[in-house]
Structures are given as structure tokens and as C-alpha cells.
Amino acid sequence: MEQPRRITDSFPRRLRRRGSGRPPGRLKDKKDKKDNDKDKVQVKVRDCSRSPSQSLPDPALLEMLRRFDLSWEYGPCTGITRLQRWERAQELGLSPPGPIRDALLEHQDNPDVTYRWMWDGM
Amino acid sequence: MFSEQAAPTAQGLLASPSAEPPTFPRVPVSGYSDCSQLFQLGERSFSRQYAHIYAVRLAGMRPGLEQCARSRWAGVFAVLGMESWGPWGLLVLAEAVRAGPVSYQHNLVPQPPLPKYIQPSDELILEDELQRIKLEGAIDVQRLVTGTILAVYGSEQDDGRFLVEDHCFAGLPPPLPWNGPSSDRFVLLASGLGLGSVSGEALLSTQLLVDVVTGQLGAEGEQSCAAHITRVILAGNLLSQNTQSRDTINKAKYLTKKTQAASVEAVKMLDEILLQLCTSVPVDVMPGEFDPTNYTLPQQPLHHCMLPLASAYATLRLVTNPYQANLDGVRFLGTSGQNISDIFKYSSMDDYLEILEWTLLAGHISPTAPDTLGCYPFYKSDPFILTECPHVYFCGNAPHFQSKLLQGKEGQRVLLVTVPDFSATQTACLINLHDLTCRPITFSSFGADNED
């Protein structure tokens with residue numbers, strides 16, 4: 001039986017929801033059990049938000065990134081990713097430390113590394 | 001008429017029609033390039049705070065301002081805002097605490113909109129990334145607006161106030177090389193067409209304007225002069241404020257179901273007018289306060305689907321507000337006037353030309369954004385900072401026409417123009433690109449002494 005076609009096949013979903021971002025009650029509406037399982041698996045992956053093969057970044061790196069966030073010279077840190085903030089600081093000539101950018105690019109798909117500081121729910 | 005290069009064979013209208021009517025080809029478009037890419041927003045995200053704009057504005061303007069301050073007040077002085085507090089201070093952000101209109105959210109009676117929101121009890125506070133300090137002394141509190149970047153020179157008092165002895169702004173931006181045309185070329189600037197208003201007084205004037213530009217008015221002399229107009233720029237408020245009525249929101253749905261928004265008729269009229277203009281001359285259309293586009297600055301261009309007839313022509317360009325472009329080697333920069341009128345409301349400056357000049361000297365197109373003027377939450381760079389000095393700097397929808405040629409120390413020559421509101425004054429501006437002069441052109445349909 002062929003897979004039911006979804007609109008997200010031709011228009012891939014661009015916004016990724018963090019954590020348990022699945023809409024409530026969606027699993028209940030799905031009558032197809034196969035889809036149900038697929039959704040559950042997908043949700044699980046989304047909750048983890050990183051593939052199991054990637055290792056956790058070490059806490060020293062996270063601490064360095066936190067210090068980068070809180071340093072006032074590079075401007076506010078809310079609402080933008082760390083990489084965006086680093087690049088902005090670079091363009092303004094504030095010479096942010098290079099290792100931070102390397103670390104951010106290395107762990108690009110790890111949301112704990114790249115995440116943007118946001119207020120609730122944004 | 002408005003050019004010394006009127007056709008020599010120009011005859012008046014009281015002559016018999018010539019066997020072969022002469023044709024006057026319009027001067028060809030040469031050297032147009034649009035420089036307003038930084039005002040065009042791609043994907044918009046409003047989930048950011050406005051602190052970023054202020055931080056970027058400060059960081060972006062600080063180097064230039066520091067240089068300016070050091071050259072002006074030669075001598076040792078420490079920079080305020082670092083750990084060491086020196087007796088002299090440097091710049092940052094000047095912010096004024098103003099009593100604005102009471103917000104609706106607090107369930108208080110809303111105050112009527114005032115023309116000016118300045119009060120004697122206003123304070124001026126200088127702020128940077130770390131701290132803020134109250135300013136006093138040789139500084140005009142009511143003249144400055146929130147969001148200005150400036151440098152102050154003075155000393156700090158014991159009670160935490162800063163006594164200002166002198167202050168300076170970023171000054172005129174560095175000049176652009178001049179590649180202007182060698183002969184007379186004109187650009188027509190008009191704003192505030194105000195279509196869709198209750199009174200149709202300005203409609204005849206608008207039609208006269210279109211006829212003059214397309215060369216259908218006047219004898220051969222006027223027509224040959226009109227052929228020197230290379231471009232028409234409509235600087236905002238193409239629709240009137242009446243099209244913005246919100247009756248449909250307050251009334252019940254069954255009463256307003258069949259009514260059409262007033263702006264639909266007005267946009268159709270605009271389309272027809274633009275069609276007449278576009279067949280003959282390149283037109284740049286900037287959106288304004290009452291036009292159907294977004295509210296926050298920078299306003300995005302009107303969508304071409306609203307103007308089906310005129311969009312078929314490549315001469316129509318729908319551009320952003322603010323707008324920047326190179327026309328025949330002359331750099332134009334201008335807005336539809338929201339920035340100037342906002343500064344007018346929150347400052348003691350009364351003259352639109354004075355405010356326009358002040359924004360140029362302060363190095364920023366609209367310092368009150370995002371405080372009192374809606375603005376997109378930029379985070380990477382502030383596109384309203386003036387990095388190069390334009391040759392023509394205009395603002396639309398001013399109460400009357402004014403123009404001034406400003407000369408700078410580094411050889412900058414800027415023509416400041418306040419384009420008047422066409423629906424009220426029936427006046428447009430003709431700018432001569434050759435020698436940077438400007439003159440108004442008024443289309444009045446009935447004279448004051450005409451009693452017939």
C-alpha cells in the first residue's frame with residue numbers, strides 16, 4: 001500500500017518546534033494505526049532532538065557559551081541564535097572570540113548549543 | 001517655462017495648427033539603480049525584542065561619534081560606560097522620558113491626540129549598554145527626541161546628574177562622488193495625492209499634474225520642457241486618511257456585509273492615474289501612512305496585484321519607504337514623512353525643514369523608531385543609520401514646500417526638500433538634477449480672485 005501523501009512532502013515544514021511541540025489531540029484524530037506509530041516515533045525523535053549517534057557537548061563548552069551569552073559587549077542575547085549574535089558582533093567590529101564560532105558550527109544541530117534565549121513559549 | 005531649453009520654435013496656443021506637429025522625445029533614462037535593498041524585508045519575524053535595534057544603533061554609530069567627539073574636544077577624556085568613571089563623558093543614547101498619551105489598557109479615559117507632546121517637566125537621560133544618567137545643563141531637553149545618539153561633554157555631579165557643557169552629533173555622513181547630468185534633467189516629486197477623500201478638490205489638480213508630465217498640457221514650449229522630466233516620485237499617502245475609517249469594525253456585521261472598503265475605490269483611481277503616468281514616464285511609488293501596506297517602518301512596496309493596469313508597464317516601480325536610489329548619478333534618499341512628523345510631535349522643533357536637517361546632522365533617518373514610531377525589530381544592523389550623504393534628501397507630506405541647499409565641511413552638497421501634501425496645497429516639486437535646485441509647481445484650478 002502506498003504511503004499517504006502529505007503536503008509536507010512538497011512543502012517541507014521549516015519551523016521546528018522545540019520539545020513537546022506536537023499539537024494536543026493530534027494523535028487521537030489519526031485513525032491509521034500505522035501513521036499513529038510513525039507519529040509516535042517522530043515525536044520521540046523530536047523530543048530527543050538529536051540523533052543518538054551524536055555525543056553530548058561537554059559542560060565546559062556549554063559554560064563558555066553561557067558566558068558568551070551574558071557578556072554585555074556583544075549586545076542583547078534574547079531572540080536570536082548564538083551564531084547570529086556572534087556574526088553580528090563580528091560585523092560590528094567587536095571581535096568576538098573565534099573558538100565560540102567553531103564550537104557553534106561543530107554542534108550545529110544540537111539545540112542546547114545553538115539555542116536562542118527566548119521568553120516563554122516563543 | 002521651467003527650463004531655459006524650451007523649444008525655440010515654441011508658439012503660443014493662439015496659433016493655427018502646424019501641418020506637422022513636432023514631437024518631443026523624453027530624455028532617455030540613464031543610470032538608474034535602486035539602492036533600497038536594505039529596506040526590503042524578506043521573511044519577517046516579530047519574536048524579537050527591540051533592544052537589539054538600540055544596541056546595534058549604538059554600536060554602529062559609536063566609532064564615528066567617538067572620532068567626531070575627539071576632534072571637537074581635543075584632550076584627555078575617559079569614556080563613560082566602562083568600569084572607570086572619568087570626569088568627562090562620551091556619548092551614547094539620549095533618551096527622554098516623556099508623558100505620552102495614556103494607554104487604553106489601563107481602562108483610563110484616553111487623552112485626545114495632541115499636536116505636540118512636550119512638557120516642561122521632561123527629562124533627558126543618557127543611556128548606554130550598562131547604565132543611564134540624567135543630563136542637565138547646556139542641552140535643550142525639549143529639542144531632542146528619544147533614540148538619538150550623541151556625545152556629551154561635561155562633568156558628573158555628586159548627586160548622580162551629569163552637567164553638560166557641550167554636546168555633538170555624528171554630523172553629516174561622508175560625501176558621495178558627484179556624477180550628475182550635464183544638462184537640465186528634472187525629477188518631479190509629489191506626495192499626499194489623497195485619493196478617496198470626501199472632497200474631490202484635488203482631483204482636478206492631480207489630473208493637471210498628470211497632463212503636464214505627459215505633455216498634454218500647454219503649447220510646444222511647455223511640452224518641450226515637460227520632456228525633460230525623467231522621473232516622477234510619489235512620496236506616500238496616495239490614499240487619503242478617509243479611506244482608513246474603521247466603521248466596519250464598530251458596526252454590526254449585518255449592517256456592513258455588503259459595504260466595500262473605501263480604499264478599494266481609491267486604489268482603482270490610483271491605478272488609472274498611474275496608468276496615464278506610466279505610459280509616458282518612469283514612476284516610483286512609495287507607500288505612506290495611509291496606504292495599504294504594513295504600518296511599521298520600513299514600509300514594504302505596495303503589491304503589484306492592486307494596480308493591474310499600471311503594473312503591465314515596466315516604468316512603474318513600487319518601492320519601499322524610506323527610498324534610496326541613484327538617478328542619473330544623483331543619490332536620492334527620502335521618506336513619506338512619518339519620521340519627520342513623529343519628531344515634530346515629540347520635539348520643540350516646529351519647522352519640517354529644520355527637523356529634516358537635524359536628522360541628517362544626527363546621522364539617523366528616524367531616531368524615534370521604535371519608541372514612538374512603529375519599526376521592524378532589526379537585530380543585525382540598523383538600516384536607518386546614514387552611512388553616506390545623499391545629494392537629495394526629501395520627506396513627503398509636509399505642510400508646505402521648503403527647500404535648502406546644505407553645504408558640508410567635507411564637500412557634501414545636499415538639497416533638502418520638504419514635499420508638500422498635494423491634496424491640501426496642490427503643489428509638487430521639480431528638482432533639477434543638473435544644478436541641484438528645486439522649485440514648486442502649483443496646480444490651482446480656481447484663482448482666488450475668480451468670481452465667476
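A: Begin with accessibility: a residue is buried under 20% relative accessible area, exposed over 50%, and partly exposed in between, with a 1.4 Å probe and protein chains only. Helices (H or I, at least four residues) and strands (E, at least two) are DSSP runs numbered from the N terminus. This is a predicted model, in which local features need pLDDT of at least 70, side-chain atom pairs count only at pLDDT 80 or more, and totals for chains, interfaces and linings use all residues. Residues are numbered from 1 along each chain as its sequence is written, chains are lettered from A and ligands numbered from 1 in the order in which they are written, and side-chain values use heavy atoms, with hydrogens and water left out.

Q: Which residues of helix 9 of chain B are buried?
A: They are Tyr352(B), Leu353(B), Ile355(B), Leu356(B), Glu357(B), Trp358(B), Thr359(B), Leu360(B) and Ala362(B). Because 9 of the 11 residues of this helix (residues 352-362) are buried, the rest of the structure largely encloses helix 9 of chain B.

Q: What do the buried residues of helix 9 of chain B pack against?
A: Contact means heavy atoms within 4.5 Å. The partners, in chain B, are helix 1 (51-72), strand 5 (148-156), helix 8 (338-346), strand 13 (392-398), strand 14 (402-407) and strand 15 (413-420). Just after helix 9 of chain B, Gly363(B) has a positive phi of about 80°.

Q: What does His52(B) touch?
A: His52(B) lies in helix 1 of chain B and is buried, at 0% relative accessibility. Not counting residues up to four places away in sequence, His52(B) touches Pro76(A), Thr78(A), Ile80(A) and Arg88(A), together with Phe378(B) and Tyr379(B). His52(B) and Pro28(B) are 24 residues apart in sequence, and their C-alpha atoms are 44 Å apart in space.

Q: How does one describe two packed helices?
A: Two packed helices are described by the angle between their axes and the distance between the axes. Axes are lines fitted to C-alpha atoms, for helices over the stretch in contact, and angles run from 0 to 180 degrees between N-to-C directions. Angles under 35 degrees count as roughly parallel, over 145 as roughly antiparallel, 65 to 115 as roughly perpendicular and the rest as oblique. In chain B, the axes of helix 2 (residues 201-213) and helix 6 (residues 262-278) come within 9 Å and cross at roughly 20°. Helix 2 of chain B is therefore roughly parallel to helix 6 of chain B.

Q: Which residues make that contact between helix 2 and helix 6 of chain B?
A: Helix 2 of chain B contributes Leu203(B), Thr206(B), Gln207(B), Val210(B) and Val213(B), and helix 6 of chain B contributes Met269(B), Ile273(B), Gln276(B) and Leu277(B). For classes, Ala, Val, Leu, Ile, Met, Phe, Trp, Tyr, Cys and Pro count as nonpolar, Asp, Glu, Lys and Arg as charged, and the others, Gly among them, as polar. The contact of helix 2 with helix 6 of chain B has 6 nonpolar, 3 polar and no charged residues. Buried residues of helix 2 of chain B include Thr206(B), Val210(B) and Val213(B). After helix 2 of chain B comes Gly215(B), with a positive phi near 80°.

Q: How does chain A compare as a case of helix packing?
A: Chain A has 7 helices and 0 strands, and buried residues make up 27% of its 122 residues. The axes of helix 4 (residues 59-70) and helix 6 (residues 98-106) of chain A come within 11 Å and cross at roughly 120°. Helix 4 of chain A is therefore oblique to helix 6 of chain A. Leu61(A), Met64(A), Leu65(A) and Phe68(A) of helix 4 meet Pro99(A), Ile100(A), Ala103(A) and Leu104(A) of helix 6 in chain A. By class, that contact has 8 nonpolar, no polar and no charged residues.
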